[in-house]
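Please look over the model below before reading on.

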Amino acid sequence: MRKMLVAGNWKMHGSRVVAHALVHEIARSVRERTEAGALACEEVVLCPPFTHLAELAAQFSGSGLAFGAQDVSEHVASGAYTGEISGAMLGDVGAAWVIVGHSERRQYHHESDELVARKFAAALQAGLTPIVCVGETKEEHEAGRTEKVIARQLGAVIEHNGIEAFRTAVIAYEPVWAIGTGLTATPDKAQKIHAFIRSQLGKKDANISLLTRVLYGGSVKPANAAELFAQPDVDGGLIGGAALLATDFLDICAAARR
Ligand code: PEP
C-alpha cells in the first residue's frame, strides 16, 4: 500500500519570521491532530525557499515534518556555478526532498525535459527524494495533447534515470492551467491522467508502477481535496497557495486518507 503524502510548495513567499510562524503552527496542529487520530496523511513535506531551509529543518527536527527544496542544480560536484545550489548542500542543511521540473521552472527558466531529468539524477545522487512535476499547459489541454505531453516529460526522466529510480521518486501531476488559477482537474479527469502516468511506468516495470506515488497539484483546497484524494491512483497532493495557510494546509492533509 502506498503512503499518502502531502507536500507544500511555498514558492517565493515569506520572511524568516513569517516562515517560522507558519511552520510552528503547522507542527503544532500536526501534533494535536495526530494525537487525536485526526490526521490521515502519513507524510507531510514542506518546501520553503532555499534561504529558510536550514533554519526551519533544524528548528523543527523531530516535529514529524520533513523538508524539501523547490529546485536543485544539475551539477553534482562543487564548482564555478554561480547561483546554483547542489543536492549535497540541500542534504547538508536537512532537506530530504526536492521538487524538480515545476512548471514555473519549465516556463520562466526554460528548463527542458532533459535538464529536468538531469536534476532528478542529481537529487538521487545526493540522497534526496525527487518530486518530479509533469503537466500540460492550457493550450496543450485544449488541443487534446495532455497524454502526449506527459509521456514526453516522464519519458525523458525514465530514459535518463531508469525505471528503478521510481522505487523511491514521486511524480506530481500538475496541469499548468490549474496552478494558482482556482481551476482544478475534476476528480475523474485527475484519476484518468494518474492512471495514464502509472501505465507509462508499467510499460517498463509493472511492480514499480504500483509502488510509485503520484500526487495531484493545481488549486487543491480543503473543499476539493477529499474528492481528489479519494481517487485510487491519487496518492496525495502538491499544494501551492493553500500551503501558506496553516489551517487550510492541515485540512488538506487530513483529507489524504485511504
Ligand atoms: C504548485 O505551485 O505546485 C501548485 C499546485 O500551486 P496551487 O496549489 O496554488 O495551484
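The numbered points below go from the ligand site to the loops.

1. Basis. The model is predicted, so local features need pLDDT of at least 70 and side-chain atom pairs count only at pLDDT 80 or more, while totals for chains, interfaces and linings use all residues. Residues are numbered from 1 along each chain as its sequence is written, and side-chain values use heavy atoms, with hydrogens and water left out.

2. Ligand shell. There are 14 residues around the ligand, and Lys-11, Glu-174, Gly-180, Ser-219 and Gly-241 come nearest; a residue belongs here if one of its heavy atoms lies within 4 Å of the ligand. The shell has eight polar, four nonpolar and two charged residues. In this classification Asp, Glu, Lys and Arg are charged, Ala, Val, Leu, Ile, Met, Phe, Trp, Tyr, Cys and Pro are nonpolar, and the others, Gly among them, are polar.

3. A backbone N or O atom of Gly-240 lies 2.8 Å from a ligand oxygen. Side chains contribute as well: a polar atom of His-102 is 2.9 Å from a ligand oxygen, and an N or O atom of Asn-9 is 3.3 Å from one. The protein buries 98% of the 300 Å² that the ligand exposes when taken alone (Shrake-Rupley method, 1.4 Å probe).

4. Lys-11. This residue has a positive phi of about 55 degrees, although it is not a glycine. Lys-11 lies in the loop between strand E1 (5-9) and helix H1 (16-35); helices (H or I, at least four residues) and strands (E, at least two) are DSSP runs, numbered from the N terminus.

5. Ser-219. The loop between strand E7 (213-217) and helix H10 (222-229) holds Ser-219. Is Ser-219 buried or exposed? It counts as buried, because its relative accessibility is 10% (buried is under 20%, exposed over 50%, partly exposed in between, with a 1.4 Å probe and protein chains only). A polar atom of the Ser-219 side chain lies 3.5 Å from the backbone oxygen of Leu-183.

6. His-110. Phi of His-110 is also positive, near 55 degrees, in a residue other than glycine. His-110 is in the loop between helix H4 (103-108) and helix H5 (113-125), and it counts as exposed because its relative accessibility is 67%.

Key:
Polar contact = N/O pair within 3.5 Å; in protein donor to acceptor, adjacent residues only side chain to side chain.
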